[in-house]
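Thanks for making the time this morning.

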Amino acid sequence: MSTYFIVFSLFLLVLVAWLVRDGVSLPKPFSSRSCQGKSWRNAFPLAEKQEIRSFLSLFVDAFALRESQKLKLHPNDSILSIYRALYPYKWMPDGLEFEELAISIEKVYRVKLIEVWQESLTLGELFAAVQVNR
């Protein structure tokens, strides 16, 4: 093996480890927002802060996004728009985010994503659906 191949392989390994540890940054326009916690509290006044944060943690974990950016997501954000912002080109392979989200939602909330799914499904609508089962 050449030295170039070894150095390149090590670089890729470090990059992958860094991304797994920290997660991927939210794409713009989501990442440029301020905290949307107030929007969540206004949309779901009966929900506790921790319930909202746990739900958003589950979502960012499924999408391999940074935990620190979870409150930049708004209840009216379409799940598909977030996905398309992460993968703007159809030829780009994804990280099975929807599959991971479906597994996590069913495991934690006992809600099947397929039963509530629609192309325009927002984070707020999904949160409302999982709150029904609480």
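At what angle do H3 and helix H7 pack, and how far apart are their axes? Bear in mind that this is a predicted model. In it, H3 and H7, the latter covering residues 123–132, pack at about 115°, and their axes lie 11 Å apart, with H3 passing H7 in a right-handed crossing. From H3, the residues that take part are Glu51, Ile52, Phe55 and Phe59, and they meet Leu123, Leu126, Phe127, Val130 and Gln131 of H7. Sorted by class, this contact comprises 7 nonpolar residues, 1 polar and 1 charged.

Let me stay with H3 for a moment, which runs over residues 49–62 and includes serine 57. Is that serine buried or exposed? Serine 57 has a relative accessibility of 17%, and because the cut-off for buried is under 20%, it counts as buried. Leaving aside residues up to four places away in sequence, serine 57 touches Glu67 and Lys70.

Now to helix H4, residues 79–86, where Ile79, Leu80, Ile82, Tyr83 and Leu86 are buried. Viewed down the axis of H4, these buried residues fall within an arc of 160°, so they line one face of the helix. As a general point, an α-helix has 3.6 residues a turn, so residues three or four places apart point the same way. The partners against which the buried residues of H4 pack are H3, helix H5 (97–109) and H7. Finally, at the start of H4, a side-chain oxygen of serine 78 comes to within 3.3 Å of the backbone nitrogen of leucine 80.

Definitions and conventions
Residues numbered from 1 in each chain as written. Predicted model: local features only at pLDDT ≥ 70, side-chain atom pairs only at ≥ 80, totals over all residues. Heavy atoms only, no water. Helix = DSSP H or I, 4+ residues; strand = E, 2+ residues; numbered from the N terminus. Buried < 20%, exposed > 50% of the residue type's maximum accessible area, 1.4 Å probe, protein only. Contact = heavy atoms within 4.5 Å. Axes fitted to C-alpha atoms, helices over the stretch in contact; angles between N-to-C directions. Left-handed = near helix turned anticlockwise from the far one by under 90°. Nonpolar A, V, L, I, M, F, W, Y, C, P; charged D, E, K, R; others polar. Arc of directions from axis to C-beta. Polar contact = N/O pair within 3.5 Å; in protein donor to acceptor, adjacent residues only side chain to side chain.
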